[in-house]
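Please open the model in a viewer and follow the selections below in order.

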Amino acid sequence: MGIFDGLRSALGMSAEADATREADPEDLFGMSTAYLTMEADLGFPPAGVAALCFSGVDSTDFADAVEEVEAILDAGEVETGTEARFVDDSHGYEWVVLADRDFEDLVTSVHFAADTLIERGYGSRLLAALFGFENEGTPIYWVYSFRRGAYYPFAPRSSSERDSTVEFKLESVLDGELEIEPDKDYWYALWPDSGRHPWE
């Protein structure tokens, strides 16, 4: 499991110093309409998965904050059926991984998790939110960088190559509907160590 080695600099302190706008968890709700465009206009249906990535803090208070997130999501599962699991990857990042066929429930759950950490004073630990889609059986993602306050597409073609043609197409269609990162140097790949998704 894990993230591409460049993520720490891309979504970490370097990106924070070069931020173009302040991140706002309300930006996540942009996906509530964007997913309709993805499916209807592009033929990329939701994959039923989303995730929130953050860097941990070795403190009791942070552990309590994560437990609060877990409790909120557990309670939400009763209402929405959204399944949540917590994953630590080999690069030292933590993930909240969500599964639900109802895309709007995924968006709401990611927002709840992010907003809770922000309210507890750990907004600076948030790195990215990912929303998964399908492209002829291959996963593609919209990534929201909390350090840049913008989205970018990530379309892996293999375990080490990405489909730039698809990414540019997604940018052109969704630009204006989502706040898209204008500097493609910050469109960092999120390769899994093994498995299908970046958190695997």
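Select Phe 54, Val 66, Val 69, Phe 86, Val 96 and Leu 117, which line the largest cavity; a cavity is a set of points on a 1 Å grid over the protein atoms alone where a 1.4 Å probe fits but cannot get out, and lining residues have an atom within 4 Å of a point. This lining comprises 6 nonpolar residues, no polar and no charged. The space inside is about 30 Å³, and the count is 1 cavity of 30 Å³ or more.

The model is predicted, with pLDDT of at least 70 needed for local features and 80 or more for side-chain atom pairs, while totals for chains, interfaces and linings use all residues. Numbering starts from 1 along each chain as its sequence is written, and side-chain values use heavy atoms, without hydrogens and water.

Next, select Met 31, Leu 52, Phe 131, Phe 133 and Trp 142, the residues with the most contacts inside the largest nonpolar core, which has 60 residues. Such a core joins buried (under 20% relative accessible area, 1.4 Å probe, protein chains only) Ala, Val, Leu, Ile, Met, Phe, Trp, Tyr and Cys residues through side-chain atoms within 4.5 Å. Centre on Phe 133: beyond four places in sequence, its contacts (heavy atoms within 4.5 Å) include Tyr 35, Phe 44, Phe 103 and Ile 140.

Move to Glu 136, in the loop between strand S4 (126-135) and strand S5 (138-145). Glu 136 has a positive phi of about 50 degrees although it is not a glycine. Most residues other than glycine have a negative phi.

Finally, select Glu 68 in helix H4 (residues 60-80). Beyond four places in sequence, Glu 68 touches Thr 116 and Arg 120; the C-alpha atoms of Glu 68 and Arg 120 are separated by 9.6 Å.

Technical notes: Buried < 20%, exposed > 50% of the residue type's maximum accessible area, 1.4 Å probe, protein only. 1 Å grid on protein atoms, 1.4 Å probe; cavity = no way out; pocket = protein on both sides within 12 Å on 5 of 7 lines; lining within 4 Å. Points joined across faces, edges and corners; volume = space filled by probe spheres on them. Nonpolar A, V, L, I, M, F, W, Y, C, P; charged D, E, K, R; others polar. Helix = DSSP H or I, 4+ residues; strand = E, 2+ residues; numbered from the N terminus.
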